[in-house]
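Please look through the structure shown below together with the report that follows.

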Amino acid sequence: MLRSPTDNSAMRRSATVRTSVGFVVVALLCLVIADIQVTTVAPWRELGRLLTGLVTPDFSNPAAIGTALLRTVAFAFVGVALGASAGFLLALIFHLRVVRTLCAFVRAIHELFWALIFLQFFGLHPLTGVLAIALPYAGVFAKVYSEILDEADPLPMQVLPAGTGLISGFLFARVPDAWPHLVSYTAYRLECGLRSSAVLGFVGMPTLGFALQSSFAQGYYSEVGALLLVFFVLIATLRLWVRPWLVPLYVAVSPFLLGTGLPIMWGNVARFFTEDIVPAPLRHGEGWAALWQWFSDLLLHEALPGVWTTVVLTQIALVGTGLIALLAFPLISRHFTSRPGSVLGHVALVVARSTPEYLLAYVLLQLWGPSMLPAIVALALHNGGIIGHLIGRRSNEITLRPDAAHGLDRYAYEMVPRLYGPFLAFLFYRWEIIMRETAILGILGIATLGFYVDSAIQELRFDRALVLIVITALLNIGVDSLARTLRRRLRLRHMVNCEP
Amino acid sequence: MFKDTLRKLTLALTLIAPVAAAEPLVFTAIPDQDETKLRERFQKVADYLAEELDTEVRFVPVKSYAAAVTAFRNNQVQLAWFGGLSGVQARQLVPGSEALAQGVEDAQFRTYFIAHESTGLEPSDHLPEAMKGMTFTFGSKGSTSGRLMPEYYIRQQFDAAPEDVFSRVGFSGNHSRTIDLVESGTYQTGALNFAVWESEVAAGNVDTDAVQVIWETPSYADYQWTIRGDVDERFGEGFKERVREALVGMDDPELLASFPREGFIPASNDDYQGILETARALDLID
C-alpha cells in the first residue's frame, strides 16, 4: 500500500511519542522499586557547609592545588594525544570487523575500570593513568574519526590523477575536507579528557580528584571549594588557553609533568595475565565442574543483581536527563532569554556539564546519604546540562516568524516540537554513556555493577573483577545497539558531532 | 609488539624522572583514617626509619586497602603497615614475606559497635536483637576491625548475612568516617576500630551524646608491620632484622601517640592464623 509522505511523517511522529511515553513509563516503574531515600538527618546543613566552602575557597596551599591542576592537565593531554593518534590510525582500518569489535569493546569499559585494571600491574605509575584514558579514548576516536572521514566529500578523491599513492591521496584529498570536524571533535574530547583525568584521582592518580577526595573526607569544605572553582575555571577557559599553535607545545611538555609514581616491575604484567585473571577453580586445578559452579555463583549473586540495579538506575537517570535538558535549554536560547540572562544560563550549564558525574555523585552522597537519589541527580544534572547546551545552541539557529507566539506557547508549540528530533537523538546517544557511568558509580557504594567490581578488587579477586567488567561492557554494547536501532526506526538523523 | 611499545613508552616516561642515587626503601599504609593524620604520622615514621637504617625512606599514600596490598605484592613498596586481613592477604600473595612487629594493643584488638542515640540502643554484653532492621555501616571493605570481625560476629549473633539483618548496609571507607556517619545519623549503627574511637573521643572530636558504644567484640590480632622476604638481597644482609629492631625500638611518645600505640612488639605470621581462618569462613579470601 502506498502512503503519502505526510502520512509517513505523522506515523513517525506518533512512533516518537509512543517511544517517549514508553521510556517515561518504564522510568516511573523503576522509580517505584528504586531506593531514593535521603538518609542523612540534616542534608541541608551539609549542603550549606559545602556552599559556604564554595564562597569561602581556601587557596592557602597554592602549591598543592597547582600541582594537582598541572597533573590533571598533563594526564589529559598525554592520554588524549595517545588516544587520538591511535584512534586515527585505527580509523583507517575501521572497515575491518575485528577492528570495529575491538574498539566497541575497549570503549565500553570506563576509564576508571581501566585504571583499576592497570593499577594491578603497573601500580601507582603515571602509565596507569595515561593508558586508562588513552585506551578507551582510542576506541571512541577510531569510531568518530572514521565516521567523519566517511562523510567527507568524495569528489577530490575521484578527480585525483591515476597513480596517486594511497597515502598522499588520503592526506591531500580526504583529510583537508574533514579537517575542521576532526579538530573540533578532538577539542571536545580534550575537555572530556580533563574530566576523566580529574576523576582518576579517586583511585590514586595524583590529579584533582585525589586532593578533592581527601579534603572532602575530612570535611575541609573550603579546600573542596577552592579545588572545584579552579576546575570550573580550567574547563570554562579551555578555548582561551588551548590555542591550535600551542597544542604541540602542550603535548610535548605534558609527559614531563606526570610525576614519577613508583617504578614498574614487568614481572607483574605477566603474572596478571597468567595467574591473577585465571578463574580460581582453574588456577587451583579443580576442573570444569568447579569452574561452572564458580561462574554461576558469580552470575547469580553479583552480576545479575548488579545488572538489574544498573538498568533501573540508568532508565530513571535517562528520563531525568531528558527533563533537565528540556527545562534548561531556554536558559541559553535567544528565543527565551535576553543577553545577560543567557550569560547566567551559560554559566549554569557550563558548571553542570563540566562537573564529572562521578564527582557530583560523590558530593551528593556525602550530603544525602547512600541511596540511588544522589546518583540519579548527578547523572541527570551532568547529562541534562550537556544536552540542554546542545539543543539550546540548535534553537538559536532557528528563525521564528515575527508574529510567533511568546512565552509558554512559544516553548510548548514552537520550539520543543521543532527540537524534539535532535533532542531524542542526543538522548539516545547518551544512553550508553549514562549506563557506563551508572555502572561506575557503584564504586561509591550504590549496588550497581561497579560495586561488585570494586568488592572483587578489594578482595584481590581479579578473576571475578574481570568477568564482571566484561559483563558490564557487554551490557553497554547491548544498550548502544538498541539505541542505534531506535534512532534508525525513528529516522533520527545520525549526527557525528553529537557532543558539544 | 604491544609489550615492546609499552616498554619504550615507560622508558620514555621513567627517563624523565629524577633518578635517585641509592634505591630507597618505600613503604605504605592502609588508609584507615583521615589522610592528613596518616600523612603526618607516616612522614615522621619515614624520617625516623631513615635515620635508624641510614637509607632513604619514602612513604607513599594509597587510596584503598587493596591498593596497599597490590603495591606490596608488586614490589613497589617493600614494607607496609597493614591491618589483620590486608596483612594476611599480602603475605599469602608474597611468599617469604613476614609480619615483623605489631602494636602492643594489636595483640588484643577489638571492634566497637556504635549506635546513634535516636535508636535507643544501650550498651550490652551481646549484639542487641533490636539492631535488626536498622541501618548499619562497616568501614572499608578490606578492613579487619571495620569489616571482617564485625561481619563475623553479626553472622554469629543473627545467623544471617548482614544484608539480611539490616535494612541498609554501607561501607563508609574508613573508621573516622564511620564515626561521622553514625554521629550525624546517616547510619543508625556502625562498627569500627576501638583505638580510633578511643583516640577521637579523647581528642574531643566525638559528640558522645549523639553516639555511643553499645558492644565490643572479644579480642583478636590486628595491625602489623609486614616486610617482603627479598629485602635482604636488595638492601643488604640483616636488613630485615634491622627494620624490626628499629620498629620495636620506636620510643618517641609523640610518634607512638599518633598511631595510637603504646609501643611495638615483635610479631610473627602465626599470630594471624585466626584472622586467616575467619576470612576463609566469610569467603573473603580463597
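## A covered helix in chain B

In this predicted model, helix H7 of chain B, which spans residues 175-183, is mostly covered, with 9 of its 9 residues buried. The buried residues include ones with charged side chains, namely Arg177(B), Asp180(B) and Glu183(B), and they also include His175(B), Ser176(B), Thr178(B), Ile179(B), Leu181(B) and Val182(B). Just after H7(B), the backbone at Gly185(B) takes a positive phi of about 85 degrees.

## A helix with a buried side and an exposed face

Helix H12 of chain B, residues 273-281, has Ile275(B), Thr278(B) and Ala279(B) as its buried residues. These three lie on the same side of H12(B), because they cover an arc of only 100 degrees around the axis. An α-helix has 3.6 residues a turn, so residues three or four places apart point the same way. On the face of H12(B) that is turned away from the buried side, the exposed residues are Gln273(B), Glu277(B) and Arg280(B).

What do the buried residues of H12(B) pack against? Their partners are two helices of chain B, H4 (84-93) and H5 (144-158). Just after H12(B), Asp283(B) takes a positive phi, here of about 60 degrees.

## The open sheet of chain B

Six strands of chain B form an open sheet with mixed pairing, and their order is S2-S1-S3-S10-S4-S11. The edge strands, each of which pairs on one side only, are S2 (57-59) and S11 (264-266) of chain B. From one strand to the next, the twist averages 25 degrees. Helix H2(B) lies across S1 (25-29) and S2 of chain B, and H2(B) runs at about 170 degrees to S2(B).

Strand S3(B), residues 79-82, shows both kinds of pairing: 4 bridges join S3(B) to S10(B), residues 224-227, in an antiparallel arrangement, whereas 3 bridges join S1(B) to S3(B) in a parallel one. Leu79(B) stands opposite Ile227(B) in S10(B), and Thr28(B) stands opposite Ala80(B) in S3(B). Which residues of S3(B) point one way, and which the other way? Leu79(B) and Trp81(B) point one way from S3(B), while Ala80(B) and Phe82(B) point the other way, and all of them are buried. In a regular strand the side chains alternate between the two faces of the sheet.

## The two domains of chain B

Chain B is divided into domain 1, made up of residues 19-106 and 221-281, and domain 2, residues 110-216. The centres of domain 1 and domain 2 of chain B, taken over C-alpha atoms, are separated by 27 Å.

Where the two domains of chain B meet, 16 residues of domain 1 are in contact with 14 residues of domain 2. On the domain 1 side of this contact in chain B, H3, H4 and H12 are the elements that give two or more residues. By class, that side has 7 nonpolar, 5 polar and 4 charged residues.

## The two domains of chain A

Chain A is divided into domain 1 (46-276) and domain 2 (282-500), and the centres of these domains, taken over C-alpha atoms, are separated by 20 Å. Between them, 31 residues of domain 1 of chain A are in contact with 26 residues of domain 2 of chain A.

Several helices of chain A give two or more residues to the side of domain 1 that touches domain 2, among them H2 (43-55), H6 (126-151), H8 (166-200) and H13 (266-276). The largest share of this side, 7 residues, comes from H8(A). By class, the side of domain 1 of chain A that touches domain 2 of chain A has 20 nonpolar, 5 polar and 6 charged residues.

## The contact between the chains

How many residues of chain B are in contact with chain A? There are 36 such residues of chain B, and they are in contact with 33 residues of chain A. On the side of chain B that touches chain A, at least two residues each are supplied by H1 (2-15), H2 (35-53), H3 (65-73) and strand S7 (168-171) of chain B.

Helix H3(B) gives the most to this side of chain B, with 6 residues. By class, the side of chain B that touches chain A has 15 nonpolar, 15 polar and 6 charged residues.

Methods: Residues are numbered from 1 along each chain as its sequence is written. Chains are lettered from A and ligands numbered from 1 in the order in which they are written. This is a predicted model: local features need pLDDT of at least 70, side-chain atom pairs count only at pLDDT 80 or more; totals for chains, interfaces and linings use all residues. A residue is buried if 20 or more other C-beta atoms lie within 10 Å of its own, exposed if 12 or fewer, and partly exposed in between; C-beta atoms are placed from the backbone. The arc is that of the directions from the helix axis to the C-beta atoms. Two residues are in contact if their C-beta atoms, placed from the backbone, lie within 7 Å. Two strands pair if DSSP finds at least two bridges between them. Axes are lines fitted to C-alpha atoms, for helices over the stretch in contact, and angles run from 0 to 180 degrees between N-to-C directions. Domain bounds come from an automatic or database domain assignment.
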